[in-house]
Every structure is written in structure tokens, then in C-alpha cells.
Amino acid sequence: MPTSKGLVFDIKRFAVHDGDGLRTTVFLKGCPLRCQWCQNPEGLRVNTMPVWFDSKCIHCASCAQCSHIDFKEGRPHFMSDEVDEAVDACPAGAIRYDSRWYDVPALMKEIRKDEVFFRHDGGVTFSGGEPFLQYGFLLEMLKECKKAGLHTAIESSFYTSLDNVKAVLPYLDRIYCDLKVFDDTKHQEFTSVSNEGIKENLAFLLSGEHASKVIVRTPLIPDRTATIDNVKAIAGYISTLFPDVRYELLNYNPLASSKYELYDDLEYGIGNVKQFTKEEMEQFRAAAKQAGVKHIVME
């Protein structure tokens, strides 16, 4: 019987950008990467964190009765990750935790609420954070999903061991693998980790029986990943591994920066930059095609 527990920071229902059909996307907490442009800062740490919602706060200072709250400048500042007193005391619900623990049966119960919508290849996607950071729970959940006949997908950097990758592959129907920066030195600068293991895992995925399940993604971040040379390098690499590879170019999303306001000690690493225009996106598409990719997906 499954016994492990997983820390989940969001369950997004009726998702249409996380795989085929209508999906329920489960976001697992914790990530070993520190991308300067992280879209889900609430998924970075491996523990439950308190968050404060300015839009809900009525500035009554009721939370100040908690010994782990320093209320100043019109808002609470957290001196501990455990602020149960403040959560209970807040009359407006402006303070809460950013995640909760689920065991396998409890999370399956949540997922199966949406089962009627999983038609035409819809199903469950595990995202993050980095889902492989909770590998044991991820594997148990994938096995239970397949027992239930559900279509499964993963969104991952694949910054994990090859053994972990091999273990989950039989239980995955769709695989999204991020390759953000091809040059390892720049990858370390922008994400704080090497991409050598990611490339090795991607080479394994694209050279075997599961290659047709894989979609490689590059988020196009101004002044970081969004260069013609970077797109060409990635496209040339993956098309050599698997000529029919599918490659998705993701336009920059400037809305994620607002999430950083929920935390005292996190700062967004990208300045005030805009999404790329259709014409600019077409230039990236053309670069990928020139480098050998035949199947290019763009939002």
C-alpha cells in the first residue's frame, strides 16, 4: 500500500496548457534550480511557508498576537515558518500557508473529482517546482493514476538521476522536458545548476522507445534564454538525437513577478521587460527550424 506523502502547493483544474485535453495539474513543492525568472516562487522551497495577501489584509494587526510575527509598516513579517496563531487570528484570511501535505489516497481523491472531464486524452499533469524532488511520492502517484486508467504527463527540468527517470517512464504518456540554456556556464549563471545531467537524461529520452512522448520546451526569457544562438544550439542538439522531436517555444510571462510580493525574502531576478511580439517569436521559430527541428510548437 502507498504510504508516502507529498507537499503540494497548487492543484489547477481544467488546465489546457499542461498537456493534451483538459487536465488537472498538481504542483509539487521544492526545486533544486534557482532560475532568475522563476514563474512559481511558491514552489521553490521544500517546506510549507506562510504567505501574506495584501489585497485581503484589513491592517487590523490581529496577527501580531503571534510571537512569530513582527507587524510593522502596515504588514506582518514572518520570523518563523510556523505561524498557526496568526493564521487563526486573521479575520480576513490574509495569512495562510502556501502548501499542504497529501498522502496518495487523499490526492487521488482530489484528482478523481475531475475524472469526468478527462476525455479526448485529458488527464493528470505533475509539475512544480521540480516534481522529481519528491520522487518517491511522484512514482507512487503515477502508478495509482495508471491503475485508475488516467492519462499522465510530467513537466520537469529533468534535473534528477537517470535511475529516477527510468523508473517513472512506464507510467507516463506525455513528457515535457525543459532545456532552458544550452551553454553550461550560462545555465549555471541563470539557474545555479549545471545542465550536464539534464542533457544526459534528455539524450536518453530522445534516443529510446519513449522519444515520441517527449516535448522539449524552452522558456524565452529576455537577455537570458531568448537568443537566436541559444535556440539554434538547443534545436540542433535535440533534432540530432531524434529527427521528429517536438520543440515548444514559450513566450515570456511578465505576470509571475507579482507572486514575489507574497514573500518577505524573495526577489524577482528579471527587470521590467515585455513579452515578445508575434514577429519576434517568428524569428525564434525560424531559427529552430533552420537548426533542424521540423515540429515546432508556440503558444
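User: Happy to look at this predicted model with you. Why is Asp20 called partly exposed?

Analyst: Asp20 has a relative accessible area of 23%. Buried means under 20% and exposed means over 50%, with partly exposed in between, so Asp20 falls in the partly exposed class.

User: What makes the pair of Arg174 and Asp20 a salt bridge?

Analyst: The rule asks for a side-chain nitrogen of Lys or Arg within 4 Å of a carboxyl oxygen of Asp or Glu. In this pair the closest N and O atoms are 3.3 Å apart, so Arg174 and Asp20 form a salt bridge. The pair also links distant parts of the chain: Arg174 sits in strand 10, Asp20 in the loop between strand 1 (5–15) and strand 2 (23–28), and 154 residues separate them.

User: And is Arg174 buried or exposed, and how do you know?

Analyst: Arg174 is buried: its relative accessibility is 11%, and the cut-off for buried is under 20%.

User: Nice. What makes Asp70 and Lys72 a salt bridge?

Analyst: Their closest N and O atoms are 3.6 Å apart, and the limit is 4 Å, so the pair counts. Both partners are partly exposed, Asp70 with a relative accessible area of 29% and Lys72 at 41% relative accessibility.

User: How do you know that Lys180 and Asp178 meet in a salt bridge?

Analyst: The N to O distance is 3.0 Å, which is within the 4 Å limit. Lys180 and Asp178 are both buried.

User: How many salt bridges does this rule give, and which residues are linked in a network?

Analyst: The count comes to 15 salt bridges. Arg13, Glu110, Lys113 and Asp114 are linked in a network of them.

User: Why is Ser156 called buried, and what does Ser156 touch?

Analyst: Ser156, in strand 9 (residues 151–156), has a relative accessibility of 4%. Buried means under 20%, so Ser156 counts as buried. Leaving out residues up to four places away in sequence, Ser156 touches Glu130, Pro131, Phe132, Tyr176, Cys177 and Asp178.

User: What covers the buried residues of helix 6?

Analyst: The cover includes helix 4 (162–168), strand 10 (174–178), helix 5 (184–191), strand 11 (214–219) and helix 7 (228–241). Among the buried residues of helix 6 (residues 196–206) are Ile198, Leu202 and Leu206.

User: Last one: why is the backbone worth a look at His59, Asp223 and Gly129?

Analyst: Most residues other than glycine have a negative phi, and most peptide bonds are trans. His59 has a positive phi of about 55 degrees, and Asp223 has a positive phi near 70 degrees. The peptide bond from Gly128 to Gly129 is cis, with omega near 15 degrees. Asp223 is exposed, because its relative accessible area is 62% and exposed means over 50%. His59, at 44%, is partly exposed.

Conventions: Residues are numbered from 1 along each chain as its sequence is written. This is a predicted model: local features need pLDDT of at least 70, side-chain atom pairs count only at pLDDT 80 or more; totals for chains, interfaces and linings use all residues. Side-chain values use heavy atoms; hydrogens and water are left out. Buried means under 20% relative accessible area, exposed over 50%, partly exposed in between (1.4 Å probe, protein chains only). Helices (H or I, at least four residues) and strands (E, at least two) are DSSP runs, numbered from the N terminus. Contact means heavy atoms within 4.5 Å.
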